[in-house]
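Below is a briefing on one protein chain.

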Amino acid sequence: MKKMLLCTTLLFTGVAFAGGGSSMPMGNTIAAIVSNDPNFSTLLAAVKAAGLVETLSSPGPFTVFAPTNAAFAKIPQADLNALLNDPAALKSVLLYHVVPGKVTASQVTGLTSATTVNGADLNISTSGGMVMINDATVTKADIMASNGVIHVIDTVLMP
């Protein structure tokens, strides 16, 4: 419990910790992994703005299709700013990236769809060894966390 509280506290202190340093959150939760990878600094800011840090630090399990900073950069800046300033819409978009349970890459390839935490379905397809989630390509799969798994994607999914 103390580790969870410390992890959550450190995540709320700012994006400055993303990418390393001596103040890394403890544990191996999805939230801790995202907070310690500089490729997810925009995702971390969005998760914090939507109030989902505690959720992604909880026991889960969850499967998160995590867009990189480059994925967020594909969104026009005005649209991204509007989304970041609308916590309800932002939460809906972020929860569209989360599937309940731990679904590994070998399991994902056998699926054609998955229902997200926000209630909408994702389309899943495979072609030439690549896995597509809607229009996003999975660029790295099976980053294991203590509360689930992360699959990195190259495009932000919009419900």
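In the helix pair α3 and α7, L43, A46, V47 and A49 of α3 meet P87, L90 and L94 of α7, where contact means heavy atoms within 4.5 Å. The residues of this contact divide into seven nonpolar, no polar and no charged; Ala, Val, Leu, Ile, Met, Phe, Trp, Tyr, Cys and Pro count as nonpolar, Asp, Glu, Lys and Arg as charged, and the others, Gly among them, as polar. The model is predicted: local features need pLDDT of at least 70 and side-chain atom pairs count only at pLDDT 80 or more, while totals for chains, interfaces and linings use all residues. Residues are numbered from 1 along each chain as its sequence is written, and side-chain values use heavy atoms, with hydrogens and water left out.

**Helices α3 and α7**

- The axes of α3 (residues 41-49) and α7 (residues 87-95) come within 9 Å and cross at roughly 125°; axes are lines fitted to C-alpha atoms, for helices over the stretch in contact, and angles run from 0 to 180 degrees between N-to-C directions.
- That angle makes α3 oblique to α7, given that angles under 35 degrees count as roughly parallel, over 145 as roughly antiparallel, 65 to 115 as roughly perpendicular and the rest as oblique.
- The crossing of α3 past α7 is left-handed, a term used if the near helix is turned anticlockwise from the far one by less than a right angle, with right-handed used if clockwise.
- In α3 the buried residues are L43, L44, A46, V47 and K48; buried means under 20% relative accessible area, exposed over 50% and partly exposed in between (1.4 Å probe, protein chains only).
- In α7 the buried residues are L90, V93, L94 and L95, and what covers them includes α3, α6 (77-84) and β2.
- Just after α3, G51 takes a positive phi of about 75°.

**Whole chain**

- The protein chain has eight helices and seven strands; helices (H or I, at least four residues) and strands (E, at least two) are DSSP runs, numbered from the N terminus.
- Of the 159 residues in the protein chain, 44% are buried.
- Among contacts between residues at least 6 apart in sequence, 58% join residues at least 24 apart.

**The sheet**

- Seven strands form an open sheet in the order β2-β1-β7-β6-β5-β4-β3, with mixed pairing; two strands pair if DSSP finds at least two bridges between them.
- The edges are β2 (98-100) and β3 (113-115), each with a single partner strand, so one side of each is left without a neighbour in the sheet.
- On average, neighbouring strands of this sheet are turned by 30° against each other, direction ignored.
- β1 (residues 62-67) and β7 run parallel and are joined by six bridges, with V64 standing opposite I150 in β7.
- β1 and β2 run antiparallel and are joined by three bridges; here V64 stands opposite V98 in β2.
- β6 and β7 run antiparallel with five bridges between them, and a hairpin connects β6 to β7 through two residues.
- The bridge partner of V138 in β7 is I153.
- β5 (residues 130-133) and β6 (residues 136-145) run antiparallel and are joined by two bridges, and I133 has A136 in β6 as its bridge partner.

**Buried strands**

- In β7 (residues 148-153), six of the six residues are buried, so the strand is largely enclosed by the rest of the structure.
- Both faces of β7 are covered, with G148, I150 and V152 buried on one side and V149, H151 and I153 buried on the other.
- β1 is also mostly covered, as six of its six residues are buried.
- F62, V64 and A66 point one way from β1, T63, F65 and P67 point the other way, and all are buried.

- V131 lies in β5 and is buried, with a relative accessible area of 14%.
- Not counting residues up to four places away in sequence, V131 touches V108, T109, I124, S125, T126, A136, T137 and V138.
- V131 and V108 are 23 residues apart in sequence and 8.2 Å apart in space, C-alpha to C-alpha.
- T104 lies in the loop between β2 and α8 (105-108) and counts as buried at 17% relative accessibility.
- T104 touches D142, M144 and H151, not counting residues up to four places away in sequence.
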